Amino acid sequence: MLAGIICLGYLAIRLGKLELFGNGGYVVYADFASVAGLKLGDPAEIAGVKVGKVESLSLAGDRARIAIRLEPQVVLQDDVIASVRARGLIGDKFILITPGASDKTIAPGGKIRETESPPDITDLIGKVVGGDLTSKTDKTEKKSE
Amino acid sequence: MKRYLTVATIALMLLPIGLRPGLAAGGVPSDQIRATVDKALVVLRDPKLKPAAKTKERRDQLRQILFARFDFGEMARRALGANWRRRTPQEQEEFVRLFTELLEHAYTDTIESYTDEKIVYVGERLDGNYAEVKSKILTSKGQEFSIDYKTQVAAGEWKVYDVVVENISMVNNFRSQFNRVINNASYEELVRRLKEKQAEFTSPKK
């Protein structure tokens with residue numbers, strides 16, 4: 001009986017510690033024009049792998065400022081891009097970080113400068129303004145007259 | 001979009017003036033962007049350069065104007081993202097060339113279709129050696145698009161390294177497309193596709 005309680009206590013502490021471990025790593029900040037739908041604790045991912053989570057959401061001037069707690073081994077180049085994305089059309093939001101090319105890295109407490117707010121009609125506009133590499137463009141064939 | 005603007009406006013009104021963020025009406029970065037866009041518009045609106053026979057001349061002039069303000073090397077580097085560092089200097093050089101040509105071909109039509117649109121500069125955000133110049137295009141049909149230029153100081157000038165249209169970053173859009181090709185196939189495949197795209201652009205009309 002007593003052993004059981006001790007075990008339970010130990011377990012509780014271990015779990016508590018685990019939670020504390022979760023607070024390791026370091027924090028970087030990112031300002032967005034909007035983070036509509038993002039919540040505390042939502043994951044930050046690189047290539048689909050969770051590397052951190054949203055630790056705080058606040059307003060900085062007219063923009064949303066979020067703090068992301070990253071795992072200690074994660075290194076971000078100073079030209080990474082952070083975007084607020086949703087899983088599926090109405091799925092949970094998460095922060096997608098795409099690695100950059102820079103040799104400089106973002107120090108703990110630093111800022112992710114390149115951010116993208118949640119898209120309204122991303123794919124559509126992305127294809128119109130960004131050019132789609134993967135499909136043939138008939139529009140472009142017209143012009144090489 | 002409107003809703004965000006309303007929220008932003010309310011947020012701004014609630015802030016004491018001294019604490020307002022660095023969203024100024026215009027500064028050096030805005031002036032430089034504006035000068036470049038204005039120069040491009042002069043060329044686009046020039047009736048002497050309108051005829052089809054003058055296309056090459058018009059495009060040469062546009063290229064000169066835009067190359068002075070847009071840092072295509074930096075754009076290419078950022079668009080390739082993490083894969084950039086894995087390439088040799090020769091490959092990087094080739095990629096910058098292919099990427100620049102891709103942009104040139106992909107956007108010439110779009111740029112040339114803009115002639116009577118009104119452009120307003122809505123503000124700029126300065127952050128050390130970086131600045132974001134915000135503008136809006138008002139079309140004759142009354143549509144409104146936001147175009148933000150991300151710039152950084154290079155050799156004493158503000159150079160554009162990303163263009164964000166309606167909240168969509170061009171660099172990020174390309175970065176995810178390029179990454180997809182590299183992850184699913186290889187870097188060589190990406191280069192092959194870029195070259196194919198280029199051939200598609202330059203081949204005479206069927």
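Okay, let's start in chain A, with strand β5, residues 81-86, which is joined by three bridges to strand β8, residues 114-116, and those two run parallel. If you want a pair to click on, A:Ala82 sits opposite A:Thr115 of β8(A). Before I go on, keep in mind that this is a predicted model.

Now, β5(A) has another partner. Strand β6 of chain A, residues 93-98, pairs with β5(A) in the antiparallel sense, over six bridges. There, A:Ile81 is across from A:Thr98 in β6(A). The two strands make a hairpin with six residues between them, and in that turn A:Gly88 has a positive phi of about 75 degrees.

And what else does β6(A) pair with? β2(A), in the parallel sense, over two bridges. Look for A:Ala44 facing A:Ile95 of β6(A). How many helices and strands does chain B have? Seven helices and six strands. Reading from the N terminus, the order is α-β-α-α-α-α-β-β-β-β-β-α-α. Chain B has 206 residues, and 23% of them count as buried. As for contacts between residues at least 6 apart in sequence, 49% of those in chain B join residues at least 24 apart.

Two helix pairs to show you here. When two helices pack, you describe them by the angle between their axes and the distance between the axes.

Take α2, residues 28-45, and α3, residues 55-69, both in chain B: their angle is about 180 degrees, and their axes are 10 Å apart. Anything over 145 degrees counts as roughly antiparallel, so that is what α2(B) is to α3(B). Who makes the contact? On α2(B) you have B:Gln32, B:Thr36, B:Lys39, B:Ala40 and B:Val43, and on α3(B) there are B:Arg58, B:Gln61, B:Leu62, B:Ile65, B:Leu66 and B:Arg69. By class, that contact comes out as five nonpolar, three polar and three charged residues.

The other pair is α6, residues 170-184, with α7, residues 187-202, again in chain B; these pack at about 125 degrees with their axes 7 Å apart. That angle makes α6(B) oblique to α7(B). The crossing is right-handed. From α6(B), the contact uses B:Phe178, B:Val181 and B:Ile182, while α7(B) brings B:Tyr187, B:Glu189, B:Leu190 and B:Arg193. Here the count is five nonpolar, no polar and two charged.

Last stop, B:Ser140. You'll find this serine in the loop between β3 (130-138) and β4 (144-154) of chain B. Is B:Ser140 buried or exposed? Exposed, because B:Ser140 has 9 other C-beta atoms within 10 Å, and 12 or fewer counts as exposed. Setting aside neighbours within four places in sequence, B:Ser140 is in contact with B:Asp116 and B:Glu117. And between the C-alpha atoms of B:Ser140 and B:Thr115, which are 25 residues apart along the chain, the separation is 9.9 Å.

That's my tour, thanks.

Notes: Residues are numbered from 1 along each chain as its sequence is written. Chains are lettered from A and ligands numbered from 1 in the order in which they are written. This is a predicted model: local features need pLDDT of at least 70, side-chain atom pairs count only at pLDDT 80 or more; totals for chains, interfaces and linings use all residues. Two strands pair if DSSP finds at least two bridges between them. Helices (H or I, at least four residues) and strands (E, at least two) are DSSP runs, numbered from the N terminus. A residue is buried if 20 or more other C-beta atoms lie within 10 Å of its own, exposed if 12 or fewer, and partly exposed in between; C-beta atoms are placed from the backbone. Two residues are in contact if their C-beta atoms, placed from the backbone, lie within 7 Å. Axes are lines fitted to C-alpha atoms, for helices over the stretch in contact, and angles run from 0 to 180 degrees between N-to-C directions. Angles under 35 degrees count as roughly parallel, over 145 as roughly antiparallel, 65 to 115 as roughly perpendicular and the rest as oblique. A crossing is left-handed if the near helix is turned anticlockwise from the far one by less than a right angle, and right-handed if clockwise. Ala, Val, Leu, Ile, Met, Phe, Trp, Tyr, Cys and Pro count as nonpolar, Asp, Glu, Lys and Arg as charged, and the others, Gly among them, as polar.
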